[in-house]
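Hi everyone, thanks for making time this morning.

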Amino acid sequence: MSKDAVTTAAAASRTDAPQTPADAGDAGYSKDLKARHINMIAIGGAIGTGLFLGAGGRLNSAGPGLALAYLVCGVFAFFVVRALGELVVYRPSSGSFVSYAREFLGEKGAFVAGWAYFLNWSTTGIADITAIALYTHYWSFFTDIPQWVLALIALAIVLVVNLISVKIFGEMEFWFSIIKVAALVAFMLIGIFLLVTQQPVGGETPGLHVITENGGWFPAGIMPVVIVMQGVVFAYASLELVGVAAGETAEPQKVVPRAVNSIMWRVGLFYVGSVVLLALLMPGSMYSGDESPFVTVLSKIGVPAAGDVMNLVVLTAAMSSLNSGLYSTGRILRSMAMAGSAPKFTAKMNRSKVPYGGIMLTSAVCVLGVGLNFLMPEKAFEIVLNVASLGIITTWVTIMVCHLAFVRRSKQGLIERPKFRLPGSPVTEIVTIVFLLSVLALMWQDPEIGRRTLYLIPIIAAAMVGGWFAVRKRVAKNELDKSYEELGIE
């Protein structure tokens, strides 16, 4: 981006109601998301199947030290969202980090960030519809329905909701988050009651002795806790959704800082708090990766229909994730299309001001996932989830690199940082980037899944290079047209 363009963007950011958005992809959206929607989107992004399902197997392998893994990864996730939050307050954009990458890293940076995010969410979408089908099969009424049919129905429902209006999306996410939070709070209240009253759980009397008498906080040493971080960090994926949603709320400068700041204590309460509580109730060896740890506890104390209730909650979490994926990729792809780095049809919006082109493209990839469910129903979930992990690491690293460039320009006097800031810059960004790259290194320690996933990096990189060469002329023409428009030349 030219110096003049940066100056123009900076000047626009200092006004309360700029006439023309700094990013052409931000034009045309409604502002129907309310503060309660943004707050619950922030909560929903922090609570998902990574906790409801993943905590069981991780408690078994890492022990109570898992709480430390959730805390460490949660701190770095907070740094990422706090950095994004500062960029949002500086200049709200539905293109979110792709728009910021375009401003601070150039169009190549935006291209890589956008398509990596699309890769993340389109493959996550396949994992979500697969998970929804699997969870639905839990109930005997749906057992005879093929997995691929249930996956297709789930995709169709969420697609329709996304295409109607952003307000309907916000309401759907609001209630999905309410269900997840209510389930967690209910469990924690039950767990605290069991702890205080010393009611036996699975033959064990709850208390600190459950940890100390079963190998302590790190029964298998510190290494299993370190290795499990590669899975834990992905449990926080979708926190960055707050930045995308900010472009469709009326007062992002007020709403986003509150939502971002609340993420830290929610992580501490819901993730760290619930894991510590689970460890105090039963030894880690009694939990399993095949069952939600909350179901394990509730079934041990004889709570009726515990499995049905928790299955409904994890089904809700998967639906919420799919809903978020279609929403965010629709906005990201529109921002890219307006710059020439995504197909033109993804820039189109319907009468409800919804970018249906990008949403439909993501859904089309998910339909391929329906086919995967038809051909390989047992392996579909595992295959796509590993590909998604590469996308989220790329996204988070991009956000931190953008923030570094943002801070550097502010020191040069080209732009002005808002009062809402990421603390400790530039050390915070650098340490976070190193941590995220180390997570990739940890994946190498898992030869069955993680290492095979890393083998995909050269393939994805080659596809990115090929894709850039395919669109670079269109991007250059778009930038030239924009320059002529700024100069008033027809």
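Let's begin with helix α6, where 9 of the 10 residues are buried, so this helix is largely enclosed by the rest of the structure. The buried ones are Ser-96, Phe-97, Val-98, Ser-99, Tyr-100, Ala-101, Arg-102, Glu-103 and Phe-104. Just past the end of α6 you'll find Gly-106, which takes a positive phi of about 95°.

Before we go further, please keep in mind that this is a predicted model. The protein chain has 20 helices and 0 strands. It has 490 residues, and 55% of them count as buried. If you take the contacts with a separation of 6 or more, 80% of them come from residues 24 or more positions apart.

Now back to α6, and to one of its residues, Phe-104. Which ring does Phe-104 form an aromatic pair with? The partner is Tyr-90, at 6.2 Å centre to centre and with 40° between the planes, a tilted pair. Tyr-90 belongs to helix α5 and Phe-104 to helix α6, which spans residues 96–105, so the pair ties together parts that are 14 residues apart in sequence. Both of these residues are buried.

Tyr-90 has another ring to show us, Phe-406. Here the centres are 5.0 Å apart and the planes sit at 50°, so this pair is tilted. Phe-406 lies in helix α17, residues 380–411, while Tyr-90 is in α5, so this pair ties together parts that are 316 residues apart in sequence. How buried are the two? Tyr-90 counts as buried because its relative accessibility is 3%, and Phe-406 is buried because its relative accessible area is 0%. Across the model, the count comes to 14 aromatic pairs.

Let's stay with α5 and look at how it packs. In general, two packed helices are described by the angle between their axes and the distance between the axes. Helix α5, residues 66–90, packs with helix α18, residues 427–443, at an angle of about 125°, and their axes are 10 Å apart. That angle makes α5 oblique to α18. The crossing of these two helices is left-handed.

Which residues meet there? On the α5 side we have Val-72, Cys-73, Phe-76, Phe-79 and Val-80, and on the α18 side Thr-428, Val-431, Thr-432 and Phe-435. Sorted by class, this contact has 7 nonpolar residues, 2 polar ones and no charged ones. Some of those names come back in an aromatic cluster, which is formed by Phe-76, Phe-78, Phe-79 and Phe-435.

Two more stops. In helix α4, residues 54–62, the buried residues are Gly-54, Ala-55, Gly-56, Arg-58, Leu-59 and Ala-62. Just after α4 comes Gly-63, with a positive phi of about 80°.

The last stop is Ser-328, in helix α15, which covers residues 306–339. Is Ser-328 buried or exposed? Its relative accessibility is 0%, so Ser-328 counts as buried. And what does Ser-328 touch, leaving aside its neighbours within four places in sequence? Its contacts are Tyr-117, Trp-121, Leu-241 and Val-244.

Terms used
Residues are numbered from 1 along each chain as its sequence is written. This is a predicted model: local features need pLDDT of at least 70, side-chain atom pairs count only at pLDDT 80 or more; totals for chains, interfaces and linings use all residues. Side-chain values use heavy atoms; hydrogens and water are left out. Axes are lines fitted to C-alpha atoms, for helices over the stretch in contact, and angles run from 0 to 180 degrees between N-to-C directions. Helices (H or I, at least four residues) and strands (E, at least two) are DSSP runs, numbered from the N terminus. Angles under 35 degrees count as roughly parallel, over 145 as roughly antiparallel, 65 to 115 as roughly perpendicular and the rest as oblique. A crossing is left-handed if the near helix is turned anticlockwise from the far one by less than a right angle, and right-handed if clockwise. Contact means heavy atoms within 4.5 Å. Ala, Val, Leu, Ile, Met, Phe, Trp, Tyr, Cys and Pro count as nonpolar, Asp, Glu, Lys and Arg as charged, and the others, Gly among them, as polar. Rings of Phe, Tyr and Trp (its six-membered ring) pair if their centres lie within 6.5 Å; planes under 30 degrees apart count as stacked, over 60 as edge-to-face and the rest as tilted. Buried means under 20% relative accessible area, exposed over 50%, partly exposed in between (1.4 Å probe, protein chains only).
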